[in-house]
Amino acid sequence: MKDDVNSPDKWEADYERRTDGWDLGGPTPIFKRLMLRASQQLILGRMIVLGAGRGHDAREFARNGFQVTAVDFASQAIQEMHRLASPEAPVEILQHDIFNLPETLNNSFDYVLEYTCFCAIDPKRRAEYADLVTRLLKPNGIYIDLAFPLDGRKGGPPFAVSAAEVLKLFQKRGFKLLSREVPTDSIPPRRGAEELFIFQKTD
Ligand SMILES: C[S@@+](CC[C@H](N)C(=O)[O-])C[C@H]1O[C@@H](n2cnc3c(N)ncnc32)[C@H](O)[C@@H]1O
């Protein structure tokens, strides 16, 4: 199952072989910037990070006062999150397939954070992913989606994402678009291929 994106085996093999080129070695500058202006924009709350990898983004939000749960199904990602854990950035680490997260987590989070998980899953499961985000969020909860790669590439992972698809998936589920921007502070190889969407769940 080493080439099946639905299986942790594929991702564990990537971590083992160090074919994990998605890992930035730290949080994206875009989330760091978001934190700088967060005091005016984002009220602190409970956040879940899906497909968190080594947890760089999860720890960035935790360091800034968010109560963060980071989920990944690859053992290496979980081990790395434990290794990199820091008391200044406390994160609850959960090894789980995101698609089977327990229903007890429904309506539990003020925020869902997405970065390079949506493009990693089987594109046929994108509606299922949007349903997952919807059920995890509390009413009025916020979906922070740094969408990548918006470059129409063939094949994957990462599988291409389009702004139109993201908008359709979430607006269909009653989400209100609060803001969207093409960041100028993406890391150079991703510049122009990312867009930051902030949605609010409405009922
Ligand atoms: C491309 S990596 C991105 C990791 C991290 N977001 C980052 O930016 O460094 C995708 C991650 O999602 C995880 N993943 C993929 N499908 C998953 C699933 N169904 N449940 C849980 N984790 C999943 C993989 O194990 C991998 O760590």
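**View 1. E60 sits in helix α4, residues 56-63.** The model is predicted: local features need pLDDT of at least 70, side-chain atom pairs pLDDT 80 or more, while totals for chains, interfaces and linings use all residues. Residues are numbered from 1 along each chain as its sequence is written, and side-chain values use heavy atoms, without hydrogens or water. E60 counts as buried because its relative accessibility is 9% (buried: under 20% relative accessible area, 1.4 Å probe, protein chains only). Leaving out residues up to four places away in sequence, E60 touches P27, K32 and M35 (contact: heavy atoms within 4.5 Å).

View 2. The structure holds zero disulfides (cysteine sulfur pairs within 2.5 Å). C117 is buried at 7% relative accessibility. C119 is buried at 3%.

**View 3. The second largest pocket holds about 200 Å³ of space.** Its lining has 14 residues; Q41, L42, I43, Y111 and I142 lie closest to the centre. A pocket is an open set of points on a 1 Å grid over the protein atoms alone, where a 1.4 Å probe fits, with protein on both sides within 12 Å along at least five of seven lines; lining residues have an atom within 4 Å of a point. Points are joined across faces, edges and corners, and the volume is the space filled by probe spheres set on them. Strand β5 (137-147) gives the largest share of this lining, five residues.

Key. Helices (H or I, at least four residues) and strands (E, at least two) are DSSP runs, numbered from the N terminus. Buried means under 20% relative accessible area, exposed over 50%, partly exposed in between (1.4 Å probe, protein chains only).
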